[in-house]
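The following note sets out some points on the structure shown below. Please read each point with the coordinates at hand.

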Amino acid sequence: MSIAKRLASQTAIYGVSSILGRVLTFLLVRVYTGRFAAAEYGIVTGLYAYVSFLNVLFTYGMETTYFRFANRPGTDRRELYDRVMTLLLISSVLLTILLALLARPLMSLLNLPPGHERYAIWIAAILGLDAVAAIPFARLRLENKARKFAGIRLANIGLNIGLNLFFIVLCPDVLAGKYLPALQPLVARVYDPTVGVGYVFISNLAASAFTLLLLGKELLDFRPRLSLEPLRPLLKYAYPIMLMGLAGMVNETLDRILLPRWLPEGFYPGQSNLAAVGVYGACYKLSILMSLVIQAFRYAAEPFFFAQSTEQNSPRTFALVLKWFTLCCAMLFVGVSVNVDLVAQIFLGRAEYRQGLSVVPVLLLANLFLGVYWNLSVWFKLTDKTYYGTYLGFAGAVLTIVLNFLLIPVLGYMGSAIATLACYFMMAALCWWLGERHYPVPYPVARLLSWLAVAVAVVTVSWWVPVADAWARYGFHALLTLGFVGLVAAVEGRRLRSI
């Protein structure tokens, strides 16, 4: 339990920058959906879907590779850091320049309205800066400098939020004469109304540049080392992770790329396909509450799993970690799904965005299974069989594409949500089945599936039992949520105390 407590403590610290920080960023959804029409927000949703793919290419699995090789006996961590940093720095510069040069054809390829080429240039710079920062951040995690990691992440998020509020809320309101008229001359010099949603990318770019300044000590500490022979084992380990990451991005973001292409025109009356992408993207943000927890957990768990792999009792530890991770995510799934109408009133601005709320429970459950898969995937990372992750990722990608192709014309964005759930459930099931044969861990599978079935039942009741009065409905939903949480605490709390 001392090991589990240490992991929980690390997760809590990383959660300051991951969960709390991204929740603050998540609050910007209210700003975007209040200030931009769904078609405008659809541009942001679509471009950031492509950013997810490109981010994998820019880092090509080197973070996980750095952790793996740094924990091998006899590794000179300083030399490893220098080599990986040199490699990422060179590749990031080259890829950024290439992407910027291809801005115009890329925008036309994405079927975006003309005049948005500068968005591609800004995104290229963001990707390059973030890739250079990836290994210094990984070094902080490896050295258990969670507080510094969290502080820099929060500074990045704070600046990003501040600039978004400045350009998207303050500047337009001041120019419109709503308040602070004395600032109009200053605002007129720094603000261009024609940029519009482009200020989302400008704010991100400024925050990424500021992050590199805060990582100055780690960046200045490295010495360039470029020799191909020592890099070969690193690249050999990394490329399956990169392929796995690309496949994972297919599963995570391809729906927002395929939706405007495969959705029949007029499927949603009075809405363009780009507006439908904006609605789906905004509702998808509500489901990201689950992925925030997963990301915070990953920051702590990835170095933790590698460090614990040499311990005799590590399989039992991994099983305990998965159990409590799943139970916590199940409670979050119930809490958000049951109260999604209240959550939408808080986080979604215009009413046009709320017509897609039915996808939220499906996507929350999908992200839960993604977190389960990430826990289960420890077996092929510890046995250096990362190619299995590539196979699983590509199997999920194929299923995602096929189901989106079949379901989008019939069910619209609900078809994309169902495809995401089917993909992550299949990947988790296959990963567990393969892990039982290569790296057995005593996961309590039947018990966890039973709890998930109860959670789905509670959510189903909340959606299918109509309560006309708003306050009575909120009270009913709160009772369902507290009932599920209380049941988990009553049943599993006794088992935890006995351990």
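Contact here means heavy atoms within 4.5 Å.

1. Basis of the note. This is a predicted model, in which local features need pLDDT of at least 70 and side-chain atom pairs count only at pLDDT 80 or more, whereas totals for chains, interfaces and linings use all residues. Residues are numbered from 1 along each chain as its sequence is written, and side-chain values use heavy atoms, with hydrogens and water left out.

2. Overall fold. The protein chain has 21 helices and zero strands; these are DSSP runs numbered from the N terminus, helices being H or I of at least four residues and strands E of at least two. Among contacts between residues at least 6 apart in sequence, 85% join residues at least 24 apart.

3. Burial and surface. Of the 499 residues, 53% count as buried (buried is under 20% relative accessible area, exposed over 50%, partly exposed in between, with a 1.4 Å probe and protein chains only). The chain exposes about 21500 Å², of which carbon and sulfur atoms supply 68%; accessible areas come from the Shrake-Rupley method with a 1.4 Å probe, and for residues only the protein chains shown count as cover.

4. Nonpolar core. A nonpolar core is a set of buried Ala, Val, Leu, Ile, Met, Phe, Trp, Tyr and Cys residues joined through side-chain atoms within 4.5 Å. The largest one holds 160 residues, and Met62, Leu286, Phe333, Leu348 and Tyr373 touch the most other members. Helix 13 (residues 273–308) gives the most to this core, with 16 residues. Leaving out residues up to four places away in sequence, Phe333 touches Met290, Pro361, Leu364, Leu365, Leu368, Ala455, Val456 and Val459.

5. Asp255 lies in helix 12 (residues 228–262) and is buried, with a relative accessible area of 1%. Beyond its neighbours within four places in sequence, Asp255 is in contact with Tyr280, Tyr284, Asn404, Ser416 and Thr420. Asp255 and Thr420 are 165 residues apart along the chain, yet their C-alpha atoms are separated by 8.2 Å.

6. Cysteines. A search of the whole structure finds zero disulfides, a disulfide being a pair of cysteine sulfur atoms within 2.5 Å. The sulfur of Cys329 is 7.0 Å from the closest cysteine sulfur, in Cys328, which is too far for a bond. Cys329 is buried, at 1% relative accessible area; Cys171 also counts as buried, at 0%.
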